[in-house]
Amino acid sequence: MTKEKKTETKTETKKTKPPQEMVKLIIDGKEVEVEKGSYILHAAETLGIKIPTLCYYKHVQPYAACRICTVEVKRGKRVRYVTACNFPAEEGLEVTTFNDRIKTIRKLNVEFLLARCSKVKVLQDLAAELGIEKSRFGEGEEGCILCGLCVRVCNEVVGAKAIAFAGRGIEREVTTPFNVDSERCIGCGSCAKVCPTGYIRVASTEEDKIVHRDITLGPNTAIYVPTMQAVPNRPVIDTVSCIYFRNGKCKICAKICPTEAIDYEIPDKTEEIEVGTIIAATGFELFDPRKTMQYGYGRFDNVITSLEFEKMNCAAGSTNGKIVLANGEEPKSIGIIHCIGSRDKNYNEYCSRVCCMYALKFAHLVKEKTDAEVYDFYIDMRSFGKGYEEFYNRLLEEGVRFIRGKAAQVYNEPIYPEEEGKLVIRCEDTLMGRVRRIPVDMVVLCSAIEARQDSPELARLLTLCHSKDKFFAEKHPKLAPVSTASDGIFIAGCCQGPKDIPDTVAQASGAAAQAMSLAAKGYIEIESATSEIDKDKCTGCRICNDLCPYHAIDYIVADKVSKINEALCKGCGTCTAACPSGAIAAKQFKDQQISAEMEGVLS
Amino acid sequence: MAFEPKILGIFCNWCSYTGADLAGTARMKYSPNLRIIRVMCSGRVDPQFILKAFADGADGVLVAGCHPGDCHYIEGNYKTMGRMPIIHKMLEQMGIDQERFRLEWISASEGDRVAEVANEMTETIKKLGPLNLKP
């Protein structure tokens, strides 16, 4: 049902490399043997000697623009100063990676770079290391050090070739052809990732927005581990955004994987698995607050849903758990509005069950992490579980402000001076009996839990019933909450109705236990009310054969009559009504029995 | 004494009968003229039952099943959908008012619908008067 294709990474057979010619060289007095053709920088790496670089990146061709990696090489009597990143290792070379002369060269190069970009952090760090206080050649304000990493990555790895160097001398810059918006840029962000100065930023072309919009709340890369708790805990590749699947380039993940586990050619497999029982636990969707336009979701940057707030709060999330506004600042006041899309005749009449408690959780977290004011706009406070009411009381003591009254609208236009620059929530405080305007920095909407849009499809597949609100129908609301009208198919969790985690776990355990007990029995109990064909009356017309939705009726060629398989028959009686000879009797619902009932009822 | 119609309801076990059950547990008020018997699926309903019902003294017959697509036995109600129009034709040819026979789709949560239909049919048939087919 989802459009994303996923390719799983798996260990494949090891690729064998052809034997390479090796060369021996000496670096800082230590001997090392490397492949012929590799550069001094690699050789030093194998020895654990670190040579500083600015414009070097392992997976693209070296450019040697920055000259920081300059080292001394001696061959026989000849001494030269070359860049380690692109000087090939030769047999018998003697390399020194640091001495006074090298230090002088490095300092000079850094000073030259500082003369262009004095504010760039990597340069400032290098300068501090080398003992440079101020460049003799000036202090430029440029942000780009012209290392060319972005150009090389865009050309060689991504293959988009959207940017390159343009201009000569002091006019030299990295840009797109003719300085116009590129059509070739695929927005992969690789240039921003390799840029050592942070000069390149990925931004939407509409407006400069950061945090909630630019920093994704989902996967940041085409290869990603779905969640921290994913089973198996392995990365998957989104073939829609992966560069290799788009134009055959990149393949960096395969290059750096130490166990060579990535194989792009594994095809998607469709497997047919025969099972005896099915548990549907397909979860829920969140009500889209764009439908309730009055709350400003989608129009105002700082109106977010509860799920977005939760993702932001998560320590593994995009802000590392910091609560921030869209512009990166900390909010001084937050409004949490309950019952968005639930308890509402216009959308869903039911109560979404979990929102009151997570709204309290948010309020508590905000009070813990920031010193913002929290306003909670509720209709009723539904704190039904263990410790829930006690938690509510605790929050009252923590100074969270509770306003009993559903918020009517969120405004962006200030009327009073204290509302400048803030969002205003207008509500009726029913306990005070007044209409109030509360200015806040951020609004969190407790959006209702809804059934998934595709649940009618699944219901049809599994012959499940669903109620008006599209949640799957259980067999009995009180006595059979996890089984369904179809034997062997169970439901658990929010697909059956909104519920919180303890209840979901309880239901899931129940469904699993019931499913297992079916399998553990070793036999199945069949319907007693099945249908039976009287051989003597059956004319072999076979009208009934195709009528049965369970394919329970077979035509016995030898006897020239049809026969019903009792184990498959569910007793619906459709065949019985169709038989022109009256040869089929639906046990317990025979024609004579129904006639007798009718006569009795109509007497 | 005012004429009280006898309406026979043939309800499928899973949806419509449960719906009628719900109308009962929710204490909904509806006319007592609807007398319900249960079959497992509306697909069990032989057109002959309907004719027999009228012959047994029913003034009206209501067949109720699950909504198309939601049949507990997957396709039973589609077969019903195909069979019931024949009844309408036969009743027309026999000179019996078509309003006396109704096919309805009622789900397990639609107790209010059961009440609505029962009341509607009672009203309609009261106006039509007794059928008096029973010898």
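A contact means heavy atoms within 4.5 Å. This is a predicted model, in which local features need pLDDT of at least 70, side-chain atom pairs count only at pLDDT 80 or more, and totals for chains, interfaces and linings use all residues. Residues are numbered from 1 along each chain as its sequence is written, and side-chain values use heavy atoms, with hydrogens and water left out.

**Surroundings of K422(A)**
- Leaving aside residues up to four places away in sequence, K422(A) touches S333(A), Y411(A), N412(A), P439(A), V440(A) and D441(A).
- K422(A) lies in the loop between β17 (407-411) and β18 (423-429) of chain A; strands (E, at least two residues) and helices (H or I, at least four) are DSSP runs, numbered from the N terminus.

**Cysteines**
- Zero disulfides are counted over all chains, a disulfide being a pair of cysteine sulfur atoms within 2.5 Å.
- C150(A) is in no disulfide, and the nearest cysteine sulfur, that of C147(A), is 6.1 Å away.
- C575(A) is likewise in no disulfide, and the nearest cysteine sulfur, that of C572(A), is 6.2 Å away.
- C150(A) is buried at 8% relative accessible area, and C575(A) is buried at 10%.

**Chain A overall**
- Chain A has 14 helices and 26 strands.
- Of its 603 residues, 41% count as buried.

Note on methods: Chains lettered and ligands numbered in written order. Buried < 20%, exposed > 50% of the residue type's maximum accessible area, 1.4 Å probe, protein only.
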